[in-house]
Amino acid sequence: MTGRPEAATEAATEAATAVAEQVTPDGAAPGEPFAVTLEVGSSLANHTGSWRVERPVYVHRLPPCNDACPAGEDAQGWLYRAEEGDYEGAWRHLVEENPFPAVMGRVCYRPCETACNRGELDEAVGINAVERFLGDEALRRGWRLPDPAEPSGRHVLVIGGGPAGLSAAYHLRRAGHQVTLREAQGALGGMMRYGIPLYRLPRDVLDDEVQRLVELGIEVELHHRVNDLAAELDERSFDATFLAVGAQLAKRAYVPAGDSARVLDALSLLSGAEQGTPPVLGRRVAVYGGGDTAIDAARTARRLGVTEPVVVYRRTRDRMPAHDVEVGEAVEEGIRLRWLSTVAGFEGGELVLEEMVLDEDGLPQPTGRTERLEADALVLALGEEADLSLLASLPDVEVRDDTVVVGSGAQTTHPGIFAGGDAVAGDRTVTTAVGHGKHAAGQIGAWLAGRDLVLPARHELATFDHLNTWYYADAPKQERPRLEAARRTSGFSEVVFGLAEDNALFEARRCLSCGNCFECDNCFGVCPDNAVAKLGPGNGYAFDLDYCKGCGICAAECPCGAIAMEPERR
Amino acid sequence: MATPGETGTRAALRWDAGAAGTEGGAAGTAARATGARSFQVRFHGRGGQGVVTAAELLSVAVFLEGRHAQAFPSFGSERAGAPVAAFCRMSDSAIRTREPVVDPDAVVVQDATLLGQVDLLSGLRPGGFLLVNTALGLERLGLGDVAAALPRDHVATVAATDVARRLVGRPVPNAALLGGLAALTRVVTLDALSAAIAQRFSGPTGAGNVAAATEVFADVLRAREELRVAPPA
Amino acid sequence: MDEHGDAAGTAVRTGPGDSGRTPVKYYQVGSFAVGNRLVALEQRTVQADPERSNALTSGHRACQGCGEALGARYVLDAAMRATGGKVVAVNATGCLEVFTTPYPETSWQLPWLHSLFGNAAAVATGVAAALAATGRDDVRVVAQAGDGGTVDIGLACLSGMFERDDDVLFVCYDNQAYMNTGVQRSAATPPGARTATTEAVGPDPGAPFGQGKDLPRVAMAHDIPYVATATVADLFDLEAKVETAMAVHGARYLHVLVPCPLGWQTASADTVRVARLATESGLFPVFAAVDGQVTSASRIRHRVPVEAYLRQQGRYRHLFPSEDRPGRPDVVARIQAQADANIARYGLLADGDGDGDEDGTRPPGSGVAGSGVAP
Amino acid sequence: MLRQLEGSRAIAEAVARCRPQVVCAYPITPQTHIVEALGAMVKAGELAPCRFVNVESEFAAMSVAIGASATGARAYTATASQGLLYMAEAVFNAAGLGLPVVMTLANRAIGAPINIWNDHSDAMAVRDAGWVQLFAESNQAAVDLHLQAFRLAESLSLPVMVCVDGFVLTHAFERVDLPTAEQVDAFVPPFVPRQVLDPDHPVSIGAMVGPEAFEEVRYLGHVKQLRALEEIEVVAAAFVDHFGRQGGGLVQPYRTEDADVVIVAMGSVLGTLEDAVDAARDRGRRVGVVGLTTFRPFPADALAGAVSGARSVVVVEKAFSTGLGGVLATDVTLALGGRTGVATVVAGLGGRPITQASLTGVLERACDGTLEALTFLDLDRAVVDRELARMDASARSGPSAENILRDRGERARGPR
């Protein structure tokens with residue numbers, strides 16, 4: 001067959017195009033079969049939202065890390081920034097709550113990580129390691145803390161330059177208040193300086209973070225021990241006072257000991273080491289106690305030349321208050337642990353240890369059986385209590401069990417005097433103290449303004465079963481490298497190193513973002529009805545209730561539990 | 001367009017192919033349709049022997065002469081080797097009927113082994129023609145009586161398979177037999193037949209078949225001449 | 001420190017090959033969620049794109065939580081992206097057709113044709129032939145059908161399309177029964193499952209063992225250039241397979257598992273979850289085959305026993321004990337054996353994950369968040 | 001150009017000149033030669049860019065045609081008998097979707113008993129599918145109707161079926177005037193689809209239509225078919241203009257003026273009938289014939305006009321509706337306002353030859369008023385009577401067809 005097939009095809013195509021272009025005003029091409037052929041997308045007229053009996057809503061749930069942080073840090077929030085590589089943004093988010101990331105990243109016992117949901121998946125996110133990375137990065141780059149607000153005209157006295165006092169001073173200063181900080185010692189830091197060994201917290205890190213804070217305009221008076229608070233308040237007028245004197249008095253236990261027996265307390269060992277005047281210990285030292293201070297004391301002793309430190313504790317390791325990581329590092333350094341033992345006596349270079357058993361309640365009970373342990377010194381690490389003698393002149397400040405009584409607003413029974421840190425009841429950790437300081441600062445600000453501080457309601461806790469963890473790629477935790485054990489005991493070099501940036505970034509990205517949308521687009525993608533609108537980076541999503549049938553797939557498939565289904569109200 | 005009641009235009013729809021565009025009158029159509037009786041040929045053979053092709057070639061040859069022809073097979077689902085028949089109906093005027101050929105004017109037997117299995121001579125009109133592909137005589141085939149009932153010069157035997165083998169290279173006797181049929185009946189010229197064969201088959205195959213038809217045409221013609229001068233047996 | 005020791009490490013998530021998809025660096029959920037603000041746009045799924053074509057748009061009349069509606073949009077949007085929007089879709093009769101085009105409304109936003117139940121593949125062949133004949137080689141054809149329109153009534157046409165290697169991507173949205181007509185058994189209905197024509201009564205309740213067709217393998221037997229399976233639970237994988245398929249000419253087959261809340265008797269919110277359990281149990285192997293040979297299989301990330309999958313679905317309820325019945329642990333065991341056979345056939349476990357992984361550090365089911373697996 | 005061709009070849013040549021873009025084929029006797037020829041032409045590149053698709057069934061053939069047509073390609077296929085039934089669902093569908101597919105139906109009987117020979121049972125089985133159905137009397141008519149079919153289909157946006165008697169026409173070698181490609185190009189314009197699958201102008205074709213609009217859709221389909229009656233005549237007139245001969249239309253009367261008896265028939269039997277009519281006229285009988293070229297839409301008015309003067313109307317048809325009678329006769333009766341005197345002659349079933357002698361008998365009886373209302377032409381009464389007797393004698397007489405075959409076999413062997 002001859003002819004022009006190409007020409008015929010072209011003509012057909014042109015003709016078809018011509019027809020298609022002659023669309024009528026309502027979009028229908030002329031001549032299309034009635035009803036059988038339809039113009040696209042017309043089902044948008046069918047609002048299937050009327051089928052819905054439950055509607056999805058975007059929610060914020062409280063991530064367990066935030067929930068667990070004594071300092072009230074929004075760990076999930078700053079990790080979110082860090083995930084993007086915005087370390088400064090992350091750091092700024094962090095220091096909204098806590099001005100000491102570098103310190104925290106070294107000394108915090110990480111309740112956040114204990115609570116972390118990722119721990120149920122593989123391993124908890126190394127929040128603390130990222131915090132340290134951010135803190136170190138800030139010091140390295142010289143990031144400044146946010147400027148204080150406009151002067152409020154109020155003046156607050158902070159007594160005690162430890163973590164609680166410094167935290168309070170920070171938050172008060174940021175709020176625009178004038179702050180005077182009185183510290184008995186010659187340097188700020190309190191227990192951060194005198195209770196935490198060098199190998200855990202190098203002092204330049206502490207100094208730099210404290211200095212950065214002081215530079216916000218805090219009036220610091222060192223070597224100013226407040227012995228009589230009433231007198232000091234009479235001497236100079238303050239609008240409010242925050243009492244954060246800590247707890248430095250070592251608790252003693254009665255130990256029958258001969259005159260020659262060398263018995264000292266852990267705090268004096270630690271502060272002596274800090275101040276370059278370590279006590280004489282000998283070769284064999286026993287530390288009596290089971291807390292972190294006991295471990296710190298033993299490890300410090302090891303670094304001071306003690307060859308055979310042994311920690312004596314009444315109960316078993318699993319009941320020991322000291323943190324596992326600390327105990328583990330101590331064991332690596334050659335420190336022995338003796339469980340179920342009490343010190344019954346110390347004389348003639350020998351400790352008398354009585355064997356204990358745990359009763360049904362887990363309490364140690366004496367057995368009467370004893371044995372002897374050679375020791376040159378006994379270090380008591382049985383806890384500390386506050387020296388509250390400065391309150392003697394203010395009898396209306398209620399004191400109970402050697403701690404200052406405060407209400408939920410951190411205020412003592414004396415109006416205008418607030419208290420926090422180790423001087424009040426509660427966990428005696430740096431992080432808790434920082435949290436007390438922040439909390440008190442907020443309360444003081446409200447009190448000064450003559451109003452109650454209304455804290456936003458806490459969101460529902462984002463528990464593991466709110467999550468859909470299938471979406472998170474498997475990723476083991478990035479461990480911080482540590483100094484070899486053999487090299488640790490020869491000095492006070494920092495044992496745990498920081499993460500490199502890459503690893504810190506990776507670790508930040510292990511965060512599950514529990515309870516808070518991180519814009520993974522899952523809801524946008526999994527809706528069978530296209531009823532989710534994407535509002536652009538940073539703006540999240542919105543449900544299109546015209547079409548949402550309420551199937552709930554978005555909520556079920558939200559990795560982080562940021563969508564809830566609620567009964568439809570009609 | 002024919003409108004109801006108009007009869008005359010009907011012819012134009014049909015077969016007036018030779019005069020496309022001319023007006024066909026009712027009378028003319030009728031005369032042509034009912035005029036001279038057509039000549040009908042039946043071919044017998046086995047599937048694969050070109051029986052249908054033979055009928056078709058004959059129709060093409062007639063067509064090439066400007067006359068009308070209609071060829072068709074015995075409609076069936078015969079497989080290779082099975083008995084097959086094909087027909088060709090030819091006429092000076094358009095052929096409208098679709099009747100089967102039941103009373104052929106000529107029968108061509110391409111395969112003599114069909115004898116006794118198929119009623120090869122069924123309906124052969126008195127005075128019709130018979131052409132058989134065989135190297136043996138009709139008597140040997142048991143067709144002596146039949147042959148005797150036909151005019152002497154209406155019967156012929158041809159060793160067409162041998163001719164085909166020799167000239168075409170394959171034992172397909174159809175073209176050779178068509179040559180014989182043309183000589184026997186004179187219903188179609190050898191020229192037209194050769195042209196039809198050459199249209200259908202190109203190259204050596206076409207040439208061989210034309211040669212086979214030509215040779216057998218001559219043989220049969222010669223035999224007919226001999227019969228005309230020889231006295232009846 | 002293992003392969004995740006630095007941030008540049010990739011999160012290995014599936015087996016080798018994996019449709020040629022470039023693994024995404026580890027970014028929190030980068031490998032599995034629909035989108036991720038931390039990765040480049042081109043590494044996110046099509047579904048993460050606010051400009052996605054929404055080839056199947058809102059207002060359709062699918063049941064709440066319809067897996068097929070989801071799967072169809074996933075597939076067609078991916079095909080639209082892969083072709084620059086040059087896709088013609090052909091649809092078999094079935095739920096997908098009925099819920100999208102009740103006069104006077106259509107939910108499609110691409111050229112779409114529905115003819116009959118059993119002829120989608122042949123109609124698509126015609127479309128492809130017409131496109132070729134009219135010089136529109138840039139336009140590609142996707143045929144889609146449910147399992148009935150694929151493995152049963154549509155199989156002859158499908159096989160013909162395969163055999164001729166027509167330039168069509170045929171997508172089966174497999175919800176394992178005739179849902180459109182009220183949940184009757186198809187040749188894709190798995191053993192033990194209750195349907196309206198395999199009721200959960202008598203000595204062998206539910207669909208029988210030893211019947212049915214494994215269409216992906218039937219497709220592979222045609223030696224067509226590309227055969228793959230996917231589910232609505234792994235969007236990256238599904239989209240990568242569509243992209244791969246659209247990059248190839250000739251007959252291609254994609255078999256997508258799309259849970260049906262109605263027929264499977266699952267909660268509407270569980271559609272994706274159940275699909276995930278189907279793969280994580282090994283009952284639905286996710287793999288790809290090129291020229292008739294399996295080239296990749298998605299590894300099971302967190303293996304679960306089939307019971308975890310079956311328990312989610314009312315259609316298997318009769319297999320488990322309750323007050324009024326003893327349950328059928330023998331049937332569950334046979335189904336488990338099927339899963340084990342799939343795992344062995346396709347190598348669905350990562351190296352070192354042998355059978356009996358239940359004794360490993362990760363108990364089966366523990367990794368599937370919120371799956372609500374009952375003991 | 002005049003050619004001596006097999007009918008199938010002539011049809012293939014005609015289709016080829018219409019420049020189909022997609023041809024899909026599944027073999028079934030007696031349609032095979034048509035698609036074989038087209039396949040060879042496509043293979044040789046003569047029809048480029050046409051695609052020839054060897055499908056796996058008739059169902060697929062029509063489905064491929066549907067897809068191709070909806071995509072804007074001129075689509076063609078051919079089938080017969082069982083093949084038509086196998087594609088029946090798609091046949092209805094093509095019409096419902098308004099797709100201008102053209103199909104040749106090489107008419108053949110439907111089994112069981114399986115039979116490969118000609119009658120019209122297949123075409124009658126899909127008379128309600130919504131297709132335009134044209135019947136060819138000869139191979140020239142087959143050629144001419146195919147040329148018109150594409151133009152008709154595309155102007156109406158309806159599928160058109162050209163019915164050609166299997167074997168009788170498809171396998172007959174005869175003279176055909178084949179137009180040139182240029183002539184056909186001038187007559188059959190390029191395909192301008194009414195609806196097309198086009199990513200630049202997307203539509204959804206094949207929506208589900210419920211009770212709220214289905215009846216309207218069907219009514220509109222009916223109107224469309226009725227309007228097709230006009231279009232068929234327009235196209236037939238255009239055909240005359242282009243090719244200088246008649247070659248289509250609705251009905252074809254032959255010698256019906258003053259006829260007392262008019263026979264109505266379709267397809268190749270018309271030629272034999274015309275010979276019979278001429279012969280009867282020669283004997284002084286006032287008889288005529290009306291050929292129906294168009295069966296669907298049914299040309300009721302044209303037919304009524306063509307037979308208005310006849311005393312009696314006889315329908316000779318190659319199909320019948322079991323339990324009722326003639327299919328065509330029923331339509332004719334309806335078209336003639338239920339007038340009495342429409343007799344039915346069922347003839348040629350399963351390839352039974354229809355001879356001029358038998359038809360002459362029909363004409364004579366009709367003229368004499370002795371033709372029965374329903375006649376099965378050339379029925380072997382003896383065989384049937386024996387079987388009926390056997391059925392009456394035993395409730396378990398076995399399959400009648402088998403028994404009849406046995407009887408015929410016995411009878412065939414008997415005289416020897």
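This note walks through the structure above in numbered points, from chains to sheets to the core.

1. A word on the model first: it is predicted, so local features need pLDDT of at least 70, side-chain atom pairs count only at pLDDT 80 or more, and totals for chains, interfaces and linings use all residues. Residues are numbered from 1 along each chain as its sequence is written, while chains are lettered from A and ligands numbered from 1 in the order in which they are written.

2. Which chains share the most contacts? Of the four pairs of chains in contact, that place goes to chains A and C. Here two residues are in contact if their C-beta atoms, placed from the backbone, lie within 7 Å. Chain A and chain B have no contact, and their closest C-alpha atoms lie 17 Å apart. Chain B and chain C have none either, with closest C-alpha atoms 27 Å apart.

3. Chain C gives 55 residues to the contact and chain A gives 55 residues. On the chain C side, helix 1 (67–83) and helix 9 (271–280) are the elements that give two or more residues, and helix 9 of chain C has the largest share, four residues. Helices (H or I, at least four residues) and strands (E, at least two) are DSSP runs, numbered from the N terminus. By class, this side of chain C holds 23 nonpolar, 24 polar and eight charged residues. In this scheme Ala, Val, Leu, Ile, Met, Phe, Trp, Tyr, Cys and Pro are nonpolar, Asp, Glu, Lys and Arg are charged, and the others, Gly among them, are polar.

4. Chain A has four domains: domain 1 (43–60 + 517–570), domain 2 (69–143 + 471–508), domain 3 (146–248 + 386–460) and domain 4 (260–382). Their bounds come from an automatic or database domain assignment. For domains 3 and 4 of chain A, the C-alpha centres lie 32 Å apart. Six residues of domain 3 are in contact with nine residues of domain 4 in chain A, and the domain 3 side consists of three nonpolar, two polar and one charged.

5. Now for a sheet in chain A: five strands in the order 5-4-3-6-19 make an open sheet with parallel pairing. Two strands pair if DSSP finds at least two bridges between them. Why is one side of strand 5 (219–221) and of strand 19 (417–419) of chain A left without a neighbour in the sheet? Both stand at the edges with a single partner strand each, so one side of each has no neighbour there. From one strand to the next, the twist averages 20°. Strand 4 (residues 178–182) and strand 5 of chain A are parallel and joined over three bridges, and Leu181(A) faces Val220(A) in strand 5 of chain A. Across strand 3 (155–159), strand 6 (240–243) and strand 19 of chain A lies helix 16 (residues 430–448), at about 165° to strand 6 of chain A. For such angles, axes are lines fitted to C-alpha atoms, for helices over the stretch in contact, and values run from 0 to 180 degrees between N-to-C directions.

6. Chain B contains nine helices and six strands. Of its 233 residues, 52% are buried, where buried means that 20 or more other C-beta atoms lie within 10 Å of a residue's own, with C-beta atoms placed from the backbone. Strand 5 (residues 129–133) and strand 6 of chain B run parallel, joined by four bridges; Leu130(B) has Val155(B) as its bridge partner. In strand 6 (residues 155–158) of chain B, Val155(B) and Thr157(B) point one way, Ala156(B) and Val158(B) the other, and all are buried.

7. Chain D brings an open sheet of seven strands, ordered 3-2-4-5-7-6-13, with mixed pairing. Its edges are strand 3 (51–54) and strand 13 (294–296) of chain D. Helix 3 of chain C lies across strand 2 (22–25), strand 3 and strand 4 (75–79) of chain D, at about 160° to strand 3 of chain D.

8. Finally, the largest nonpolar core has 501 residues, and Val287(A), Val379(A), Ala124(C), Val127(C) and Val22(D) touch the most other members. Such a core is a set of buried Ala, Val, Leu, Ile, Met, Phe, Trp, Tyr and Cys residues joined through C-beta atoms within 7 Å. Helix 3 (residues 120–133) of chain C supplies its largest share, 12 residues.

Methods: A residue is buried if 20 or more other C-beta atoms lie within 10 Å of its own, exposed if 12 or fewer, and partly exposed in between; C-beta atoms are placed from the backbone.
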